[in-house]
Amino acid sequence: MNTDKKNIGERVRYWSIWIVVIIILVWAFKGIEFTGIKETAGQVSKAIFKGIFHPDWGFVYLPEGEDLLRGLLDTVAIAILGTFISAVLCIPFAFWAATAKGKSRWAVGSGKFMLSLIRTFPEVVMAIIFIKAVGPGSYAGALALGVHSIGMLGKLYSEAIENLDRGPQEALVACGANRLQTLWFAVIPQVLPDFFSFALYRFEINIRSAAILGVIGAGGIGTPLIFALEARSWSRVGIILLGVIVMVTVIDIISGYIRKKLV
């Protein structure tokens, strides 16, 4: 009898979850007003694909002015600087939000809340704020990526700190080591490989984000892309998209290889 009741209870919970999910999906679809696809969408799509298959190779390098190579290098530089800023600044937030023995729940909760608050603002919103603060350009893009990435990197770093082996710490404490020595010799050597791996993973994401932020004036390859779209220069749009695809693919391969070596 107990087994039958348990099975019935599990079935009820199972179907209840599915019913709730279906209700949420129906509510979400009803909340979106589908206006259909514009007649010009097909023409634009054909023009973009035609531009990709007939790219403007002359835009790859120009002796003067902006070209594809300068835009891609600018995008990579924004992503590198933004990742470096976040990888350094998120460390104190990570230790603040990490659960540890003898640490109050209020301290841990406030740290996690701060990281969640930072993650709330998308890169585009951050970029608009920094464009107003420091002006349009790569500097604003790097600051936007750096501040936004603190939230996610800090969360990943804090989880790495929580999962480290406490044995070396306890051994050093038993030998009379102070907190700084314990941190330097027991904690940092364990978390550094994870920190580097997470930073590289975030760098891959920031490469894509940096390519988008240029559309709103935060530097990178997005700036010539939006100009080419507005001018309906589809061959130039095609070479820019091809350049972004190649750049992202190469960086993903290199970053993935390095992360496998680290972990």
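# Briefing: cysteines, salt bridges and annotated segments

C90 is buried, its relative accessible area being 0%. This description rests on a predicted model. The model contains zero disulfides and seven salt bridges.

**Cysteines**

- A disulfide is a covalent bond between the sulfur atoms of two cysteines.
- The count of disulfides in this model is zero, the criterion being a pair of cysteine sulfur atoms within 2.5 Å.
- C90 has a relative accessible area of 0% and is therefore buried, whereas C175 is exposed at 70% relative accessibility.

**Salt bridge between R70 and D67**

- Among the seven salt bridges is the pair R70 and D67, whose closest N and O atoms lie 2.7 Å apart.
- The R70 side of this pair is partly exposed, with a relative accessible area of 36%.
- D67, by contrast, counts as buried, at 1% relative accessibility.

- K155 and E159 form a salt bridge through their side chains, with an N to O distance of 2.8 Å.
- Both residues belong to helix α6, which covers residues 138–162, and because they are four residues apart they are separated by about one helical turn.
- K155 is partly exposed, at 32% relative accessibility, and E159 is likewise partly exposed, with a relative accessible area of 33%.

- R208 is partly exposed at 36% relative accessibility, and D252 is partly exposed with a relative accessible area of 24%.

**Segments annotated in UniProt**

- An unreviewed UniProt entry assigns the annotation "transmembrane region" to residues 12–29, 76–99, 210–231 and 237–258.
- In the model, residues 12–29 are 100% helix and 0% strand, with the end C-alpha atoms 26 Å apart.
- Residues 237–258 are also 100% helix and 0% strand, and the C-alpha atoms at the ends of this segment are 32 Å apart.

Definitions and conventions:
Residues are numbered from 1 along each chain as its sequence is written. This is a predicted model: local features need pLDDT of at least 70, side-chain atom pairs count only at pLDDT 80 or more; totals for chains, interfaces and linings use all residues. Side-chain values use heavy atoms; hydrogens and water are left out. Buried means under 20% relative accessible area, exposed over 50%, partly exposed in between (1.4 Å probe, protein chains only). A salt bridge is a side-chain nitrogen of Lys or Arg within 4 Å of a carboxyl oxygen of Asp or Glu. Helices (H or I, at least four residues) and strands (E, at least two) are DSSP runs, numbered from the N terminus. UniProt positions are given in the numbering used here, feature names are shortened, and annotations may be inferred rather than shown by experiment.
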